[in-house]
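Subject: Handover of a structure and notes on it

Dear colleague,

Please find below the structure that I am handing over to you.

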Amino acid sequence: MPKLIFEGPLVSFFGKYVEIKKDGSIIDLLMDIDKAGILIDKSRRIKPGIIILLNGKDTRLLDKSLVNTRVLSETDEVTFIPVNHGG
């Protein structure tokens, strides 16, 4: 089961951890849990101001289509960090 980890103010919306019991890309899995559109806009894109780490690596430095196309494995961890997470 892929594990989604939320940081900062996102914890109040989703909790700290969410384990997903289905296959899919990051976007597919978020569509199931983000009914209020906190992370995803209407065109199925991650909203600005969210850093996404896949197994500790920034997805912006990896293949651009990774968030939409790569099916997560059961050992993957995806972390969502809002840029306003504090410090």
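In which loop is Thr 59 found? Thr 59 is in the loop between β4 (57-58) and α3. The names of these elements come from DSSP runs, numbered from the N terminus: helices are H or I runs of at least four residues, and strands are E runs of at least two.

Before going further, please note that this is a predicted model, in which local features need pLDDT of at least 70 and side-chain atom pairs count only at pLDDT 80 or more, while totals for chains, interfaces and linings use all residues. Residues are numbered from 1 along each chain as its sequence is written, and side-chain values use heavy atoms, with hydrogens and water left out.

Thr 59 counts as buried because its relative accessibility is 8%; buried means under 20% relative accessible area, exposed over 50%, and partly exposed in between, with a 1.4 Å probe and protein chains only. Apart from residues up to four places away in sequence, Thr 59 touches Ile 52, Leu 54, Leu 66 and Val 67. Contact here means heavy atoms within 4.5 Å.

**The sheet**

An open sheet is formed by 5 strands in the order β2-β1-β5-β3-β4, with mixed pairing. Two strands pair if DSSP finds at least two bridges between them. At the edges are β2 and β4, each of which pairs on one side only. In general, strands of a sheet pair through backbone hydrogen bonds, either parallel or antiparallel.

Strand β1 (residues 3-6) shows both kinds of pairing. With strand β2 (residues 17-19) it is antiparallel, and 3 bridges join the two; Leu 4 has Val 18 as its bridge partner in β2. With strand β5 (residues 77-82) strand β1 runs parallel, joined by 4 bridges. In β5, Glu 77 is the bridge partner of Lys 3. Lys 3 also has its charged end over the ring of Tyr 17, 4.9 Å from the ring centre. A charge sits over a ring if NZ of Lys or CZ of Arg is within 6 Å of the ring centre and within 35 degrees of the ring normal.

**The core**

The largest nonpolar core has 20 residues, of which Leu 4, Phe 6, Ile 26, Leu 39, Val 78 and Phe 80 touch the most other members. A nonpolar core is a set of buried Ala, Val, Leu, Ile, Met, Phe, Trp, Tyr and Cys residues joined through side-chain atoms within 4.5 Å. Two or more residues of this core come from each of β1, α2 (26-33), β3 (50-54), α3 (66-69) and β5. Helix α2 gives the most, with 4 residues. In soluble globular proteins, nonpolar side chains tend to be buried together.

Ile 26 touches Ile 52, Val 67, Arg 70, Leu 72, Val 78 and Phe 80, leaving out residues up to four places away in sequence.

The whole structure holds 2 aromatic pairs. Rings of Phe, Tyr and Trp (its six-membered ring) pair if their centres lie within 6.5 Å; planes under 30 degrees apart count as stacked, over 60 as edge-to-face and the rest as tilted. Phe 6 and Phe 14 are stacked, at 4.6 Å centre to centre with 20° between the planes. Phe 6 and Phe 80 are also stacked, at 5.1 Å centre to centre with 15° between the planes. Since Phe 6 lies in strand β1 and Phe 80 in strand β5, this pair ties together parts that are 74 residues apart in sequence. Phe 6 is buried, at 0% relative accessibility, and Phe 80 is buried with a relative accessible area of 0%.

**Other loop residues**

Ser 25 is in the loop between β2 and α2 and is buried, with a relative accessible area of 1%. Arg 44 is in the loop between α2 and β3, and its phi is near 60°, a positive value in a residue other than glycine. Arg 44 is partly exposed, with a relative accessible area of 37%.

Yours sincerely
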